[in-house]
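I opened this entry to keep track of what I looked up, one topic at a time.

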Amino acid sequence: MELVAGVDVGGTFTDVVVLAEHPRAVKVPTTPSDQGEGVVAGLDAGAGAHGDVTAMAHGTTTATNAVLERDIARTVLVTTAGFADLLVIGRQDRPSLYDLRVTRPTPLTQSVVTVDERMGPQGRPLVALTGEEVERVVDAVAALEPESVAVSLLFGYAGDAHERALADELARRLGVPVTRSSALLPEFREYERASTCVLNAAVAPVMRRYLEGLDRRLPDASITVMTSGGGTAGLDFVADAPVHTLLSGPAAGVVAAGAVARSGGFADALAFDMGGTSTDVCLIRDGVPEVATEAEIGGLPFRTPAVGIHTVGAGGGSVGWIDRGGALRVGPRSAGARPGPACYGLGGTEPTVTDAHCALGHLDPARQLGGGLVLDPGPAHRAIAGLPPEAGGAEGILTVARATMARALRRVSMERGVDPSTLVLIPYGGAGPLHASALAAELGCAAVVVPPAPGVLSALGLLLAPSRYEALRTVMRPAEGDLGDVWPALEREARDELGRQRPGAALSTQRVADCRYAGQSHELRLELDEGEEPASRFHAAHERAYGYAMRGEPVVLVTARVVAEAPPACEDLPAGWDQGSAGPERSRRVTIEGVEVEARVLDRAALGVGDRLAGPALVEQSDTTTLLAPSDEATVDERGNLVIRRTNRR
Amino acid sequence: MDAVELEVVRHALAGVADEMGVALRRAAYSPNIKERADCSAAVFDVDGQMVAQAEHIPVHLGSMPASVAAAIEAFGADLAPGVQVALNDPYQGGTHLPDLTIVAAVGDEEGRPLGYVANRAHHADVGGAAPGSMPASATDIAMEGLRVPPVLVADADGFREDMLDLIAANSRTPSERRGDLRAQFAANHVGAMRLRELSRRYGPSGLAGAMAAVCDYSDRRVRAAVREIPDGTYSFTDVLEVADGVEISVDLTVEGDEVTADLSRSAPQVAAPLNAVHAVTVSSAYFVFRMLTDPDAPPNAGCYRALTVRTKPGTIVDAALPAPVAAGNVETSQRIVDVLLGAFAQALPDAVPAASQGTMNNLLLGSSTPSFSYYETIAGGEGATPHRDGMSGVHTGMTNTKNTPAEALELAYPLRVWRAELRRGSAGAGRHQGGEGVVREVEVTCEAATLTLQTERRARSPWGLAGGGDGGTGRNTVIRADGTEEPLAAKGSWPLVRGDRVRVETPGGGGWGG
């Protein structure tokens, strides 16, 4: 029998969603030294026995953590003579205009070996690479005893002969992973390409070890891994190109948020993932998260498809404080997991966002949290009382946190020219559903859609994500006339690679053209029909995105891409969740947006399809509480989503 | 206003400027605005006090309020809600001619004034004697391009197309100018809309109160920092490398929570484009002040209430007509920063960094056949701080624009980049070492091209502090096709032929501590 699971490893918990007649969600503690232990424990808890699982879609922070903690392989960069300091100079800008404390990140490697060779922009050698030079370079690299090597030569994307000669000999002589830029990212802009290659090389050995361990533990399961762009990929691909997983975790969440929006009948939405230390927001259009071609990690840029997430430093653990100008601030400092918010009773004394909720009665002190924690309002009240009276107490902290998040949500929608009032808000993560109603009211959002299991949405997203592979090549020529020769090779590459990752699956392909007006420096990504010229579509897209088009101006096709997809484990948002058993309805005195009221308190399990609920109310489930303001009305839709709308009723 | 409202309203006002900045970059046509973000947007109260700014480029900092003041001065009551004014005249609210600012008056539904929104964009060409409108040979401002005093560009009936035509007609790239100008109107439109929304939420008098409160808030934060600076008068002089040297001097007085920067001892203006107008000098002083007081305070007029900048008209730091000014913005501004830092270092020895490269190394290459114009500013060494080494190969001071990748440059122009690496040994020594400069070497691959350089710190080093060594001076060289090397002056224009290479070696940063 097919038994399919999505497993997402987060900082504190490993979340598991198992697809069965009634989908189930479980959380187990993350095992940081080897995430695989927690994965197996989670599968045992969710599916009965991990050996029964036939397919697993996986979200992992192995590569992400390796980079952020600099727990990386000893890496050497091989590049063209004259460009030895490519990684240091970058794009020559500084990260903060005024703050001397903020510096650029140190490159992942200081070991650079330069090569006497030079390709021209058309891919023809200007300075030939000799056999002796190859020998000299390989000797020089070997002397540095690297665990991984990145080869990224100037114009290597245009002509790969030199890169191939070096990479082949390095791999043969050294026996370590070699990342070749013309294979990983055949795209122009030398700094961003080299940075991507070095990130890949630096995490390749770490990722390879992790995936091999996972494969040994689950020999009978077919495993796919979430990539930053919101598609899944096979183990072999990810072992060679782990740079594609740097945003694995957040990508899964927004894919699921898109499916939630679609299932509720909404096309455009804002994903709102509020965790302990930060909040991620992302714009969703036509049910699909916005995907960018570039992102960064710890200040280091990489060019792979990546969901367009904007992060702000305000979460449940963010600390409220009064600055020297007399304003109440929330974050960016966080109480973290230890000691955590004061109400955790682990010794925290500073007032956090979670303490504010606790003090206002939004969180049930009687309920157990994960890890045996019990909330204690006493320390929360004391911590908040430590702020001066003009701070506005608990309500003040929530108001300020909301202002920070509202600004982030406005920004991600405005950047694409979308008015937030045309969007629905999809809250998830531990704290999202507590803030969503007030935030949606402030932004004028049409509704809030709380998914059935908001605390494990990323794990669910793993099952909803298609398998995806993108073949690309920088073309740089007029986007008119016959471009027929550009596409077939890319289509072949994309189909072959995804066919290897998902044997037997039905594959579809999509042509994508990154175009710009000649002389511009930013490209627009266009999806093309077969045989369609990019230029005609470009003018219309430019008009839609930027408000005008210049139909007389020449259009350049910068990069051609073919995206191959195979269907996800699960096409639609599953319904009929196993929410456990419901306790009886109760009530509690709480303060919501400054007004003290008696609120109904229900278990999420008590709500069935079609049920209606008017605020003030709190809907509780194992790891999340949803707050309904007095003027809110909610219904449970067919997929089990709680759809909240604000009325004029008071 | 309590602590909570203050923080909420601060985000709301900053959000207006954010959204204007986003709209401007989204809709702009030219790479200079879209990719290098050479633009700014800001919100002002009814008196023209800046209440929020989206910050990209330090040199716009103090000069946006001057633009709004000039628009109000020129139009008075005629600058009513719905009216928009454009200007670039350095002698009436501008900085240098490529920076074009559009100011819009905003009112609520009943026509009551709420304030102003304004945005500024660096236009790649506004005419004049050379592409890019920064000719090195200019001896008066008429040679630098089209001067636009405050003029009415839109009223309640819409845009005045004839004004757009006039500006476009004076540019070598007219369609790009139209695209960028349209983006500037769009940005002001978004700003006006958002300001009206805030007025609906707070009421017009509530909004005015909120604007005053955020400025007071920044003022409190900055003054708290100024009080920690020891009282006294601190003087410093540095030199701009024009002719035998042009001195820029400051007498800095710190008294309680107030600072006065008096630059009136500086040398008279010159017949070369290195003159800074008053607004550029104010921007440079604001930059240093913000860096050393509270870099995170919300950027508004309150940040600078504690600072007074004095200059004398007709000097290199307060140029008068008809002085040319194009490089005042990009080179002289850097030296004013150094002079201010040198003075502050005496008051705050544990906070002030040594001198950074102190130039933007402006490099222009172009020709008419084939027709191309390449402009770049090149990074250098940052001065070491009392707490860390200086960064290498980085833009410092009044600019922060990105470089052009070699792979983009060679596709777009008949040029080839042979070197773009650190210049080893250029950093000033010290307990904390300065940052290294950069070597950039570019070959001409077409028949002929004209090279223009506007560079500084070729004769006098970026200074070290607290016993730290000076950074190395920069150097400009041409390498002929046959391999012979000839030194080039710091400033000037030269004909190059196929196979010639220009090599720019940029200064290193000063070191800190012996």
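I began with helix α9 (residues 248-263) of chain A and helix α14 (residues 457-464) of chain A, in what is a predicted model. Their axes come within 7 Å and cross at roughly 75°. An angle of 65 to 115 degrees counts as roughly perpendicular, and α9(A) and α14(A) are therefore roughly perpendicular to each other. I listed the contact residues next: α9(A) supplies G249(A), A252(A), G253(A), V255(A), A256(A), A257(A) and A259(A), and α14(A) supplies L457(A), S458(A), L460(A), G461(A), L462(A) and L464(A). Sorted by class, the contact of α9(A) with α14(A) has nine nonpolar, four polar and no charged residues.

Next came the two chains together. I found 56 residues of chain B in contact with 53 residues of chain A. On the chain B side, the elements giving two or more residues are α1 (3-27), α2 (31-34), α5 (174-202), α6 (204-226), α7 (278-292), α9 (406-412) and β14 (415-423) of chain B. Of these, α1(B) gives the most, with 13 residues. The residues of that side divide into 26 nonpolar, eleven polar and 19 charged.

I turned to the domains of chain B. The assignment gives domain 1 (3-218) and domain 2 (353-514). The centres of domain 1 and domain 2 of chain B, taken over C-alpha atoms, are separated by 32 Å. Eleven residues of domain 1 of chain B are in contact with 14 residues of domain 2 of chain B. I noted the classes on the domain 1 side of this contact as six nonpolar, two polar and three charged.

Last, I looked up H432(B). It sits in the loop between β14 and β15 (437-444) of chain B. Is H432(B) buried or exposed? A residue is buried if 20 or more other C-beta atoms lie within 10 Å of its own; H432(B) has 25 such neighbours and so counts as buried. Leaving out residues up to four places away in sequence, H432(B) touches A384(B), T385(B), R388(B), D389(B), G511(B), W512(B) and G513(B). I also recorded that H432(B) and P386(B) are 46 residues apart in sequence and 7.1 Å apart in space, C-alpha to C-alpha.

Key
Residues are numbered from 1 along each chain as its sequence is written. Chains are lettered from A and ligands numbered from 1 in the order in which they are written. This is a predicted model: local features need pLDDT of at least 70, side-chain atom pairs count only at pLDDT 80 or more; totals for chains, interfaces and linings use all residues. Axes are lines fitted to C-alpha atoms, for helices over the stretch in contact, and angles run from 0 to 180 degrees between N-to-C directions. Helices (H or I, at least four residues) and strands (E, at least two) are DSSP runs, numbered from the N terminus. Angles under 35 degrees count as roughly parallel, over 145 as roughly antiparallel, 65 to 115 as roughly perpendicular and the rest as oblique. Two residues are in contact if their C-beta atoms, placed from the backbone, lie within 7 Å. Ala, Val, Leu, Ile, Met, Phe, Trp, Tyr, Cys and Pro count as nonpolar, Asp, Glu, Lys and Arg as charged, and the others, Gly among them, as polar. Domain bounds come from an automatic or database domain assignment. A residue is buried if 20 or more other C-beta atoms lie within 10 Å of its own, exposed if 12 or fewer, and partly exposed in between; C-beta atoms are placed from the backbone.
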